[in-house]
Amino acid sequence: MPGFVEWGLELIRRASSDLSPDVEAVVRRGRDAEPEGTTARNVLDSILQNVEMSRADATPICQDTGLTTFFVHLPAGYDAESVRADLQEAIRLATKEGILRPNSVHPITGKNTGDNVGVDLPHVEFEPATDDAVTIDLLLKGGGSENCGAQYRLPDASIKAGRDLDGVERSVIDAVHKAQGQGCAPGILGVCIGGDRAGSYMGAKKQLLRHLDDVNPDPLLRDMEARLLERCNSMGIGPMGFGGVTTLLGVKVGWMHRHPASFFVSIAYCCWADRRRRLVVRDGVAQVL
Amino acid sequence: MGKEATKLRLPASEDALRALRIGDEVLISGTVVTARDMAHKYMVEQRPESLRDILEGALIYHCGPIMVRDGEGWRIVSAGPTTSSREEPYQADVLENYRLGGVIGKGGMGEKTSAALKKCGAVYFHAVGGAGTLLAKRVKKVREVRMLEEFGVPEAFWVLEVEDFPVVVTMDSMGGSLHREVLEASAQKRKDLLGL
């Protein structure tokens, strides 16, 4: 009977080679928004062509398959360490097959482990499940986009950002400007308001698990997401930073309670190739969504 | 922009490279050699003569590909560009020392590299970031690999024969830079948005 090794491998294969339809749809909208004959439009055409080829061949959309981050919801009775070991094995197999690039480098010796397994690799976050299904969200996020992440500590006089929602928006606009095309624009932003330094960054990353067509239940944040998308796109950075109207595909904002002395705004920048998939296992039957 | 793509065969003459301008879409055929962070540090600090045979007249490609063993050789699976700005401290020196035709990467590079392109008659070509499968299909042959053991798969020098490899000129040999232009225009927009 198949288990988490086989299911994990299929989850990785789908995440790496089969772009989620919600992301593809927004890329297509961006492509239609760029005038005919522009490099911006040609770039988005190439991206869409690459998405189709990768899906057909089951090959990685991007050679930088990033660091593997799993968000696992486990019902009572499962052994987290055994699930982690199975996911590590799935990663070793995926690397051997060329679904993942070996991306695990020792920071002191420079040696690559060659199999994507290392200290805190893969990164696995465990949480108790609220029902009896196992849910595993996988995010493959490349290094170039990870490097464009940013954290602001408000107030920040250099961008006239106070400790309020206007200050949050200023931080995001500044971060998108700094990123230019470096994170493989058009990008998707996960934003977290509040938290401590570490938690806030993870909170921002978790926002990237949201589908692009979902609606923030908080009307204040829903409006902020729409406004930030529009204002960031008005900067004209465009696909790959070549100029154009499609700089971002989406903005997702969440929050955490903060310490009275700290007001962090954390931004996770994800490239257009937002490779995320979800594995659900219920009554021994697995499905990748 | 949007006009017919120019075909460029490597090694290219200085005239052919000097004729290219930012915004030109180009299809490249010939030898490109992948080199990223460890490789650039190595080329500048050790200045190895042993690389001259693969680099002269070729293009350096900022790329860490996915490669799979295929009998005695290698099969290239996914091979888009990586962010070039990390090589900014090294690129000018590498361009001059190894007489490259230029560089393929993404995200653009800074003023030091721009000056070196002007001096050497070389060009910075931008490939579409994330188009790993599409670009790997334009690699016709994996000729050889160097420093694989020392650097690992993503960082090794992979010598690739490409055909009609699609790129856009974003930094030319006249000092032009599309990245500088977009940065300046968007900087003004940022100021307006923030009321600075």
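Author: One term before we start: two residues are in contact if their C-beta atoms, placed from the backbone, lie within 7 Å. Also keep in mind that this is a predicted model.

Reader: Which residues of α3(A) are buried?
Author: They are Thr39(A), Ala40(A), Arg41(A), Asn42(A), Val43(A), Leu44(A), Ser46(A), Ile47(A), Asn50(A), Val51(A) and Ser54(A).

Reader: And how far does helix α3 of chain A reach?
Author: Its 19 residues, 39-57, reach 27 Å from the first C-alpha to the last. That is close to the 27 Å expected at 1.5 Å a residue. Just after α3(A) comes Ala58(A), which takes a positive phi of about 55 degrees.

Reader: Why does Lys160(A) count as partly exposed?
Author: Because it has 13 other C-beta atoms within 10 Å. A residue with 12 or fewer would be exposed, and one with 20 or more would be buried.

Reader: What is the phi of Asp164(B)?
Author: Asp164(B) has a positive phi of about 50 degrees, although it is not a glycine. Asp164(B) sits in strand β9 (residues 157-171) of chain B. With 13 other C-beta atoms within 10 Å, Asp164(B) is partly exposed.

Reader: Switching to peptide bonds: is the one from Leu154(A) to Pro155(A) cis or trans?
Author: That bond is cis, with omega near 5 degrees. Pro155(A) is in the loop between β4 (150-153) and α6 (165-179) of chain A. In chain B, Leu10(B) and Pro11(B) are joined by a cis peptide bond, with omega about -5 degrees. The loop that holds Pro11(B) runs between β1 (6-9) and α1 (14-18) of chain B.

Reader: Nice. Now the two chains: how many residues of chain B are in contact with chain A?
Author: 43 residues of chain B are in contact with 47 residues of chain A. On the chain B side, α8(B) gives the largest share, 10 residues. The residues of that side divide into 21 nonpolar, 19 polar and three charged.

Reader: What about the largest nonpolar core, how many residues are in it?
Author: It has 134 residues, and those with the most contacts inside it include Ile12(A), Val172(A), Leu59(B) and Phe125(B). β9(B) gives the most to this core, nine residues. The core also draws at least three residues from each of domain 1 and domain 2 of chain A.

Reader: Which residues does Ile12(A) touch?
Author: Leaving out residues up to four places away in sequence, Ile12(A) touches Ala90(A), Ile91(A), Ala94(A), Ile99(A), Leu100(A) and Leu138(A).

Reader: You mentioned domains. Where are they in chain A?
Author: The domain assignment gives domain 1 (4-14 + 61-142 + 275-288) and domain 2 (144-270). Their C-alpha centres lie 26 Å apart. Seven residues of domain 1 of chain A are in contact with six residues of domain 2 of chain A. Strand β3 (residues 134-141) of chain A gives the most to the domain 1 side, three residues. That side divides into two nonpolar, one polar and four charged residues.

Reader: Last one: how many helices and strands does chain A have?
Author: Chain A has eight helices and nine strands. Its radius of gyration is 19 Å, close to the 19 Å that the globule rule gives for 289 residues, so chain A is as compact as a globular protein of that length. Buried residues make up 50% of the 289 residues in chain A.

Notes
Residues are numbered from 1 along each chain as its sequence is written. Chains are lettered from A and ligands numbered from 1 in the order in which they are written. This is a predicted model: local features need pLDDT of at least 70, side-chain atom pairs count only at pLDDT 80 or more; totals for chains, interfaces and linings use all residues. Helices (H or I, at least four residues) and strands (E, at least two) are DSSP runs, numbered from the N terminus. Ala, Val, Leu, Ile, Met, Phe, Trp, Tyr, Cys and Pro count as nonpolar, Asp, Glu, Lys and Arg as charged, and the others, Gly among them, as polar. The expected span of a helix is 1.5 Å times one less than its number of residues. A nonpolar core is a set of buried Ala, Val, Leu, Ile, Met, Phe, Trp, Tyr and Cys residues joined through C-beta atoms within 7 Å. Domain bounds come from an automatic or database domain assignment. The radius of gyration is taken over C-alpha atoms; the globule rule is 2.2 Å times the number of residues to the power 0.38.
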